[in-house]
Amino acid sequence: MTRNYILNEETAHRKLTRLAYEVLEYNSDISELIIAGIEQNGVVVARNIERILKEISNLKVTFITVSLDKKQPGEVKINPVTDWNGTSILLIDDVSNSGKTMLYALKPFLTAQPRSIQTLTLVERTHTAFPVRPDYVGLSVATTLQEHIFVEVDGNNVKGAWLE
């Protein structure tokens, strides 16, 4: 099977770096940021953003993971559970397809009183079914409803993304 790549490893790294600078610029008035990576590839994207932010700033970054069944979201687990009252939270996933995963992943944060919640995705599809639009987007792609976007990771590295 031939993959129709829309991002290669080099371009993905440049996009992640640009996204980290955007996050830093928008959050210039805070000293601490909680990065919440949605499990599987979202965690890899989030770890890259965390690493870059630590390289380019003095921002204190706390990393947590968000786990949920993306096809049938119900229970959402946060690890480790922390107090995010008054904090700024950045929720990160690899691809935003319909907005459903991001919407459900936000649910536990709404039981507290965070200062702000922002969302970031490496690749965004333009077809959304839920009222969630990422605040930071690496690449926005117009697709048909039948097409899917996959982000390829290897360990802690984003290798690229393709359209199928």
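**View 1. Salt bridges in the predicted model.** The count of salt bridges comes to 12, a salt bridge being a side-chain nitrogen of Lys or Arg within 4 Å of a carboxyl oxygen of Asp or Glu. The model is predicted, so local features need pLDDT of at least 70 and side-chain atom pairs count only at pLDDT 80 or more, whereas totals for chains, interfaces and linings use all residues. Residues are numbered from 1 along each chain as its sequence is written, and side-chain values use heavy atoms, with hydrogens and water left out.

**View 2. The salt bridge between Arg47 and Glu50.** The side chains of Arg47 and Glu50 meet at 2.8 Å, N to O. Both residues belong to helix α2, where a spacing of 3 residues separates them by about one helical turn; helices (H or I, at least four residues) and strands (E, at least two) are DSSP runs, numbered from the N terminus. Arg47 is partly exposed, at 38% relative accessibility, while Glu50 is buried, with a relative accessible area of 8%. Buried denotes under 20% relative accessible area, exposed over 50%, and partly exposed the range in between (1.4 Å probe, protein chains only). Through salt bridges that share partners, Arg47, Glu50 and Lys54 are joined into one network.

**View 3. Lys70 and its salt bridges with Asp93 and Asp94.** Lys70 and Asp93 form a salt bridge of 3.2 Å, N to O, between their side chains. Lys70 is in the loop between β3 (60-67) and β4 (77-79) and Asp93 is in strand β5 (residues 88-96), so this pair ties together parts 23 residues apart in sequence. Lys70 is partly exposed at 33% relative accessibility; Asp93, with a relative accessible area of 1%, is buried. For the salt bridge of Lys70 with Asp94, the closest N and O atoms are 4.0 Å apart. Asp94 also lies in strand β5, so its pairing with the loop residue Lys70 ties together parts that are 24 residues apart in sequence. Asp94 is buried, at 8% relative accessibility.

**View 4. The largest nonpolar core.** A nonpolar core is a set of buried Ala, Val, Leu, Ile, Met, Phe, Trp, Tyr and Cys residues joined through side-chain atoms within 4.5 Å. The largest one has 33 residues, and Ile35, Ile49, Leu120 and Val123 have the most contacts inside it. Helix α2 (residues 41-56) supplies the largest share of this core, 7 residues. A second, separate core of 17 residues includes Ile38, Val76, Trp84 and Ile89.

**View 5. The surroundings of Leu120.** A contact means heavy atoms within 4.5 Å.

How values were computed: Lists of a residue's contacts leave out its neighbours within four places in sequence.
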